[in-house]
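Please read them with the coordinates open beside you.

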Amino acid sequence: MKISVLQHAPSEHLPLRPGDATPTSRNLNPLMHPFSRARERNRALTAAKMERIFSKPFVASLEGHSDTVGVIARKPGALDVIASGGGDGEMLVHDLPQRRQMLRIAAHKGMLTGLCFADANRILSCGHDRTVKMWAVDVDASSSTIEEEAGLSQSTPPKSLALFSGKHPFNSIDHHRTDSLFATASNTVHIWDETKSSPLSNLTYSTSTEGITSIRFNPSESSVLASVGTDRTLILYDIRTGKAERRVITQMRTNALSWSPTFPTTLLLASEDHNLYTFDIRALSAPTQIYKAHVSAVMSCDWSPTGTEFVSGGWDRTVRIWKEGVGGRPEVYHTKRMQRVLSTIFTADARFVLSGSDDGNVRLWKAKASEKLGIIDARERAAMEYRETLKERWKVDAQVGRISRRRHIPKPVLKAGELKRTMVDAGRVKEDRRRKHTRAGESKPKAERKKVVVAEQT
């Protein structure tokens with residue numbers, strides 16, 4: 001019989017000299033420490049608190065408009081230039097890094113309702129004066145000529161390169177990604193060529209009688225475009241066939257739409273019923289996800305270039321950033337002076353969000369509220385990534401999760417949310433009682449997603 005014996009040197013467990021403390025054996029592996037989980041949990045709690053302490057999303061306010069800022073467009077292939085237009089009919093071009101106005105153009109008489117870049121140096125604008133104008137915007141040349149702060153005289157404002165006239169006031173405009181085509185929305189949907197003064201085709205649905213409020217080309221399948229109108233419709237068009245292909249009537253009116261940059265078949269809608277919806281255009285009978293948090297009409301929406309999140313602005317004077325597929329608890333941005341948010345857009349690097357509101361200001365926000373701006377060395381970045389990992393690992397903890405989820409909301413928005421929840425709960429109780437007192441099988445519960453679409457036509 002073989003016996004293995006553990007042998008230890010007595011000198012390692014006895015004091016070296018009389019009167020010395022008895023040496024203790026320790027395992028120096030931090031994962032084997034008896035309080036390792038408690039230490040990690042405290043670090044996660046500290047990381048969650050630090051995130052809320054340093055959450056200061058507001059970056060700057062770009063002034064210049066004297067009326068509502070209704071539309072914002074970003075320059076393709078650039079991070080530093082955006083254009084905005086509003087109720088005063090003026091179009092402003094802003095330099096984001098220097099936070100100053102680069103160009104001011106009196107574009108339209110009346111409200112400017114649509115704005116998009118045709119390419120890096122040309123902008124298309126439309127308004128209620130029934131005209132579409134194309135402008136040459138040489139940003140590099142104009143940036144050195146405008147000195148508002150110094151009070152110097154501005155150079156001769158640029159003249160429009162082309163003028164396109166319509167029969168009705170225009171509500172929206174969007175340019176084709178590659179071709180020299182653009183689409184306008186008024187009482188009808190028209191496709192225009194930059195070289196012709198009259199529209200090439202009319203894509204309006206045969207039974208449509210109301211106005212079209214917003215129109216967008218699909219960024220991947222660029223021959224497909226979608227529009228929403230005041231008659232609660234979502235319509236898909238194909239410029240190759242020259243007609244409307246699909247028409248969906250929703251429960252409430254849709255105010256804005258946006259195509260996903262990573263999933264060409266995903267469409268985001270901002271609705272009058274305080275919600276946002278994502279649809280798969282291959283199956284329009286029901287939305288794929290409902291996003292609920294606004295307490296008033298949602299007026300604008302835009303996808304992040306990464307396709308993992310999107311931003312919305314509402315009549316409740318808040319800007320909210322959502323994660324794709326997560327229907328609640330978005331990031332909430334607000335200020336005391338910001339009024340109803342009518343336009344929102346992501347920057348091309350997905351790090352910042354721009355919002356235009358009723359008070360005439362364009363505000364610049366961080367997409368991640370606690371993100372540090374400036375140079376970050378390798379050691380600091382490693383610490384930030386470690387804290388993010390801790391928060392993700394311990395998000396199920398009651399205290400860590402509560403601190404991470406908590407957001408400060410203005411009192412009027414908070415009270416409106418409470419009232420809305422009370423009304424929804426009362427409606428649910430009423431429906432349950434009605435079903436309880438009817439004959440079995442006559443009144444069946446209907447899923448929330450099935451209530452959104454009223455009718456679908458092809």
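1. His 190 sits in strand 12, which runs over residues 189–193; the model is a predicted one, and the values below are computed from it. With a relative accessible area of 18%, His 190 is buried, because the cut-off for that class is under 20%. The side chain of His 190 makes a polar contact of 3.5 Å with the side chain of Thr 188. Beyond the residues up to four places away in sequence, His 190 touches Phe 182, Ala 183 and Thr 184, and also Pro 199, Ser 201 and Asn 202.

2. Ser 343 belongs to strand 26, residues 341–346, and it is buried, with a relative accessible area of 5%. When neighbours within four places in sequence are left aside, its contacts are Val 69, Gly 70, Val 71, Ile 72, Ser 300, Leu 354, Ser 355 and Gly 356.

3. Helix 1 covers residues 36–53, and its geometry can be checked against expectation: at 1.5 Å a residue, its 18 residues should span 26 Å, and the end C-alpha atoms are 26 Å apart, which agrees. Which residues of helix 1 are buried? They are Glu 40, Ala 44, Leu 45, Ala 47, Ala 48 and Glu 51. Seen down the axis of helix 1, these buried residues fall within an arc of 155°, so they line one face of the helix. As background, an α-helix has 3.6 residues a turn, so residues three or four places apart point the same way. The buried residues of helix 1 pack against helix 3 (378–393) and helix 4 (398–405).

4. How do the axes of helix 1 and helix 4 cross? They come within 9 Å and cross at roughly 10°, and the two helices are therefore roughly parallel to each other. On the helix 1 side the contact is made by Arg 41, Ala 44, Leu 45, Ala 48, Lys 49 and Arg 52, and on the helix 4 side by Gln 399, Val 400, Ile 403 and Ser 404.

5. Helix 1 and helix 3 pack with their axes 8 Å apart and at an angle of about 110°, and they are therefore roughly perpendicular to each other. Here helix 1 contributes Glu 40, Arg 43, Ala 44, Ala 47, Ala 48, Met 50 and Glu 51, while helix 3 contributes Tyr 386, Arg 387, Leu 390, Lys 391 and Arg 393.

6. In helix 4, the buried residues are Val 400, Gly 401 and Ile 403. Viewed down the axis of helix 4, they fall within an arc of 165°, so they line one face of the helix. Helix 1 is included in what covers these buried residues. The N-terminal end of helix 4 is capped by Asp 397, a side-chain oxygen of which lies 3.2 Å from the backbone nitrogen of Gln 399.

7. Most residues other than glycine have a negative phi, and most peptide bonds are trans. Arg 130, however, has a phi near 65°, a positive value in a residue other than glycine; it lies in the loop between strand 7 (122–127) and strand 8 (131–136) and, at 43% relative accessibility, counts as partly exposed. Arg 329 also has a positive phi, near 55°. Arg 329 is found in the loop between strand 24 (319–323) and strand 25 (331–333), and at 66% relative accessibility it counts as exposed.

8. Thr 288 is placed in the loop between strand 20 (275–280) and strand 21 (289–292). The C-alpha atoms of Thr 288 and Gly 86, which are 202 residues apart along the chain, are separated by 33 Å.

Technical notes: Residues are numbered from 1 along each chain as its sequence is written. This is a predicted model: local features need pLDDT of at least 70, side-chain atom pairs count only at pLDDT 80 or more; totals for chains, interfaces and linings use all residues. Side-chain values use heavy atoms; hydrogens and water are left out. Helices (H or I, at least four residues) and strands (E, at least two) are DSSP runs, numbered from the N terminus. The expected span of a helix is 1.5 Å times one less than its number of residues. Buried means under 20% relative accessible area, exposed over 50%, partly exposed in between (1.4 Å probe, protein chains only). The arc is that of the directions from the helix axis to the C-beta atoms. Contact means heavy atoms within 4.5 Å. A polar contact is a pair of N or O atoms within 3.5 Å; within protein, one must be able to donate a hydrogen and the other to accept it, and residues adjacent in sequence count only if both atoms are side-chain atoms. Axes are lines fitted to C-alpha atoms, for helices over the stretch in contact, and angles run from 0 to 180 degrees between N-to-C directions. Angles under 35 degrees count as roughly parallel, over 145 as roughly antiparallel, 65 to 115 as roughly perpendicular and the rest as oblique.
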